[in-house]
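Notebook open, model loaded. I want to jot down what I look up, one chain at a time.

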Amino acid sequence: MIAFQFVTAFLMIFMGLYAFLYKRNLIKLILALNLVDAGIHLLLISLGYRLENGLLPTAPIYTGYETLKGTPMVGPIPQALVLTSIVIGVCVLSLAMALTVNAYQQYETLDVSKLRRLRG
Amino acid sequence: MRPQNSDMGLIVKTMARATIPLIGIFGAYVIVHGHITPGGGFQGGATIAGAGVLFLVAFGLSEAKEKINKNFYSVLEGIGGLVFLTAGMLGLGVVFFYNVLWHKGPVFNGEAGTLLSAGYLPIMNLAVGLKVYTGLVSALFAIALFRRWKK
Amino acid sequence: MNVLPWVIITPLFGAFSMPVISLLGGKFRGHWAVIVSGLTLGIAAKVFYTIWKSNEILVYTLGDTNPIGNGVKFPIRIIWEVDLFGALLALTVTFVSFLAILYSLEYMKHDTGLDKYYALTLVLELGMIGIVITGDIFNFYVFLEIMSIASYALVAFRNDTWEGIEAGVKYMFVGSLASSFILLGIALLYGQYGTLTMAYLAMKIAENPTLISKVALAFLVGGLLFKSGAVPVHMWLSDAHPAAPSSISAMLSGLVIKAGGVYAIARIIFGIFNPGLHSYLKAFDMPALNLNTLGWIIIFFACLTLVIGNAMAVVQNDMKRLFAFSSVGQIGYILLGFGIGIVAYGDKIGEIALTGAVYHIVNHAVIKGLLFFIAGAVIHQVGTKNLNELSGLARRMPFTTLSFIIGAAAIIGLPPLNGFASKWLIYESSAMYNPILAVIAVIGTVFSLAAYTRVLFTFLGVESEKVKMVKEPGNAMIVPMLVLVIIILVMGILSWQISDKIMLPTAKMLEQLNGEYIMALLKFIGGG
């Protein structure tokens, strides 16, 4: 059985790809990129969540009280990976926003199909 | 179109005055406890940057221009990166990023779960927090300052 | 003490201290960047010499002396695993970056925001060095993104011109989508095998090659073909490389599409999905991946790339755009070499092809660096890059024209220069494997010859109005060009010695017939 979070993750990825291919507004393209990224993050996070002996896993972070004996832990590595990936996503997002502002100044439109003066 | 230097009016300004310190304190808490609770430098820095955005939105650009010095923030960002790099280089006698403070250091070598533990991690969290806060505020400020082209 | 971490620390320190340095005054920023990148070049040379001398893979663990966790038998820490291929690429990257930064001292003199320019250039260099030394697949992704984000920002650096902005937007969206594909591939591999260390991943995949690993391989290679500018998706490259400042164009065309494109493809195929390991498994009737199909796919794209890229170069009027399309064509040759290296794995032919591909990476980095420096000198002195307005430049800028003749002859592959040796190895192996491939490769070269001859005739033609008053650029631009010309001539004279002494061991180490890349890690597991 495929867990529903994987289905959701791939659904998000494909929604992002659809928007990336068929939308023309620059802001929507940025959102599409973020949607693809968010789907991949969901996929990674859900990889760390695994049931063992029918028990729900707990977060691995030390919070001052003991975890229950025999309780499995969620994988800590996917969380670190997703955090890194989110930071990268923020960088890409802010750079894309800055470029979009500049593009609007130069072309006075957000339609990406109008950005084709470079065909030469 | 609304004039460039407008602020948001009395209610928003008063609320902002009340909440900005609280957001800042919460962000500082997230940074300082980064190694023992969920969170860390990036999350706390982003929270404090939220306070910066609130300031920018509530008080308008002209007020923010007086308070925020771009060059100073740029230098602070560089210093954050340098501190992170130095913390990684402390254990260079063994290998890069070796946690020498935790293994045999004079400070930050307490029992796991206490505040003064985990070696270089608190230092790195502080450095990353500084870098993220200054970086995000600089980026937002730069976008807000962007030349108005309709005039 | 191991010098390897310093190759990352030095440019990182240079980039972070740039805002502090710029407080001292505008002049120091450029000099600081030159000093930092020069130091990095020295360290990379030391690393390369160490590995070349010992002919062993260097494994460096971050955070502890041993990559294996306490009480477990698998690697849990980030490792850097440098073989000769990575070290050679690191040397090339630092060398061309050093010259590009030296060149920008004069070329970028009239621009503003130079502290950001130099910081981003150092970060770009850092990202490429990280890609070629890492042995952890997520670490590879992080360095790839560092490199990509710096290059998006640098393409759009002159943000008051529409050209830079448009190219930056296109480059950014295509590049981010490709990065997402690569991340998806990594996520699938992690989900299936539960490890991120490349060498350990190779073992795990050999134990249990599933459909997921094939899908992940497709995503990884697809994303990296995007990033290296192979033909169906080369449009961003021909926009982005001409629009960047010329010193950055030299780094983008010479280094970025190699380190973040073809190097990564080679590392993933030969390091993680080793064809030898899988054909060995197949000989024992065990489940294995068939990498010949992948090899033929890469050869197909390579042939398409080298014909279309070089053919498109012929019809361009813009000098930098012509060079950019020529880069697409040359990437085709490198991919052809790697493709033949995969399908003829373990053979003499495969070894020759890999040698040619590795050699061509280095040669093309040097030559394309020189050509973009020349284009930058022409833009800086004349103010246009339109070939129709540049006729008769030879009398006013004799040194630049002479350098161009040498660079063009080298990239076409004329015998006394370095481009000849690498192209000859690729032709030879493709003719031995399948003569049709050799014919296609020669067709690409004919187009390339036509394109560069056209530029040469423009330079030597009747003097036009625009070039009447121009003169040679200043010393900071002449010196990098001169150094590259000398390197091309020396590498041309010693080409077969270099091929035997450096490129052949590199290709053998990349091919790793005995699985050296995995063995370097297994040493730790056996001892722990």
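Predicted model: local features only at pLDDT ≥ 70, side-chain atom pairs only at ≥ 80, totals over all residues.

**Chain B: contacts and fold**

I started with chain B: of its contacts between residues at least 6 apart in sequence, 66% join residues at least 24 apart. Contact here means C-beta atoms, placed from the backbone, within 7 Å. Residues are numbered from 1 along each chain as its sequence is written, with chains lettered from A and ligands numbered from 1 in the order in which they are written.

I looked up the secondary structure of chain B and got 5 helices and 0 strands, in the order α-α-α-α-α from the N terminus. Elements are DSSP runs numbered from the N terminus: helices are H or I with at least four residues, strands E with at least two. Of the 151 residues in chain B, 36% are buried. Buried means 20 or more other C-beta atoms within 10 Å of a residue's own, exposed 12 or fewer, partly exposed in between, with C-beta atoms placed from the backbone.

**Helix 3 against helix 5, chain B**

How do these two cross? The axes of helix 3 (residues 70-89) and helix 5 (residues 121-144) of chain B come within 8 Å and cross at roughly 155°. That makes helix 3 of chain B roughly antiparallel to helix 5 of chain B (the label needs an angle over 145 degrees). I took the axes as lines fitted to C-alpha atoms over the stretch in contact, with angles from 0 to 180 degrees between N-to-C directions.

I then listed who meets whom: helix 3 of chain B brings residues including Gly80(B), Gly81(B) and Phe84(B), and helix 5 of chain B residues including Ala127(B), Thr134(B) and Phe141(B). By class, this contact has 12 nonpolar, 6 polar and 3 charged residues. Nonpolar covers Ala, Val, Leu, Ile, Met, Phe, Trp, Tyr, Cys and Pro; charged is Asp, Glu, Lys and Arg; the others, Gly among them, are polar.

**Chain C**

Next, the contact with chain A: 29 residues of chain C touch 26 of chain A. Helix 7 of chain C gives the most to that side of chain C, with 17 residues.

In helix 4 of chain C, 24 of the 24 residues are buried, so this helix is largely enclosed by the rest of the structure.

Last, I checked Leu306(C), in helix 13 (residues 291-314) of chain C. Leu306(C) is buried, with 29 other C-beta atoms within 10 Å. Among the residues Leu306(C) touches are Tyr333(C), Leu336(C) and Ala441(C).

Conventions. Contact = placed C-beta atoms within 7 Å. Parallel < 35°, antiparallel > 145°, perpendicular 65-115°, else oblique. Lists of a residue's contacts leave out its neighbours within four places in sequence.
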